[in-house]
Amino acid sequence: MAELTRWRSNQATELVKNLRGTLNRLPMGQQVNHVLDLAEDALIDRLRDRMNLAVSNFSAAAPEIADPAIQARQMLGELVDLANRQSKEDARQHLYILILRQLVPDEIRIISALSDGATHALIHVAGGPPIGPVIKRVLNNYSYIGRSASIRLEEMIPQYLEHLIRLGLVETGPEDKSLEVKYEVMSNDKTIRALAKTVEKEFKFPARILRRTIRATELGRHLWHDCLPEGHSVQPVI
């Protein structure tokens, strides 16, 4: 392509040269060539002016590194302006955006699984005497809700739930007697049994299984139902 462009440019230059030579041999040809020279000079000057203007505009538009103090004041000023004119719905959407930016896809699966408001079994594993306050919790927020939600990193369910609790999207509650079977299944899970042995060895008492529940908060349910785009749903992992 570059060779073709260069060939065309050379051909055009040669053509103009031949035309000018022909004009010089004609009556009034020199005067015509002089006019063409003037026109060519004017065109070059015009192109030079336009290029200088373009460079000047580009330089003016190039962003400068803002002083951090100035940038901080600008950011706070923008937030103050938003605070002064936002509606209640605007405030809700800003809150949703803040929360959603802190979530990972596995956590979205958990919120989806809890979005119907149902209560699910949750346990903590602790060390200490059978009666009285526990000495130490060795595992918090163990639940099968991660399996139900088909999260990819099932071993991260305690951390995911802790994060969602801090964000106010899910909450824990007291033991639910109707979930007795699920509590028993989780307590006999191989992960919990292995942990219980470690706890018993350290504290000289059998591990204490603290039964609790987990469910979505009102904020968590509203975020899911208000923000889920039409036609979107969390698909089960096959």
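1. The structure is a predicted model, in which local features need pLDDT of at least 70 and side-chain atom pairs count only at pLDDT 80 or more, while totals for chains, interfaces and linings use all residues. Residues are numbered from 1 along each chain as its sequence is written, and side-chain values use heavy atoms, with hydrogens and water left out.

2. On the overall build, the protein has ten helices and four strands, where helices (H or I, at least four residues) and strands (E, at least two) are DSSP runs numbered from the N terminus. Following the sequence, these elements come in the pattern α-α-α-α-α-β-β-α-α-β-α-α-β-α.

3. On burial and surface, 25% of the 238 residues of the protein count as buried; buried means under 20% relative accessible area, exposed means over 50%, and partly exposed lies in between, with a 1.4 Å probe and protein chains only. The protein exposes about 17000 Å², of which carbon and sulfur atoms supply 58%, and accessible areas come from the Shrake-Rupley method with a 1.4 Å probe, where for residues only the protein chains shown count as cover.

4. On contacts (heavy atoms within 4.5 Å), among those in the protein that link residues at least 6 apart in sequence, 72% join residues at least 24 apart.

5. A search of the whole structure finds eight salt bridges, a salt bridge being a side-chain nitrogen of Lys or Arg within 4 Å of a carboxyl oxygen of Asp or Glu. One of them joins the side chains of R92 and E89, with 2.7 Å from N to O. Both R92 and E89 belong to helix α4 (residues 88-100), where they are three residues apart, about one turn of the helix. R92 counts as partly exposed because its relative accessibility is 29%, and E89 also counts as partly exposed, at 38%.

6. The side chains of R215 and E171 form another salt bridge, at 3.0 Å from N to O. This pair links distant parts of the chain, since R215 is in strand β4 (residues 208-216) and E171 is in strand β3 (residues 170-173), 44 residues apart. R215 has a relative accessible area of 39% and is therefore partly exposed, and E171, at 30%, is partly exposed as well.

7. In the salt bridge between E175 and R211, the closest N and O atoms are 3.4 Å apart. E175 lies in the loop between β3 and α8 (180-187) whereas R211 lies in strand β4, so the pair ties together parts that are 36 residues apart in sequence. E175 is partly exposed, at 31% relative accessibility, but R211 is buried, with a relative accessible area of 17%. Salt bridges with shared partners join E175, K177, E180, E184 and R211 into one network.

8. L223, in helix α10 (residues 218-227), counts as buried because its relative accessibility is 3%. Leaving aside residues up to four places away in sequence, L223 touches Y96, I99, L100, L169 and L228. The C-alpha atoms of L223 and R92 are separated by 9.2 Å, although these residues are 131 residues apart along the chain.

9. Two backbone angles deserve a look. N141 is not a glycine, yet has a positive phi of about 60°; N141 lies in strand β2 (residues 136-142) and is buried, at 4% relative accessibility. S150, which is not a glycine either, has a positive phi of about 60° and lies in the loop between α6 (145-148) and α7 (157-166).
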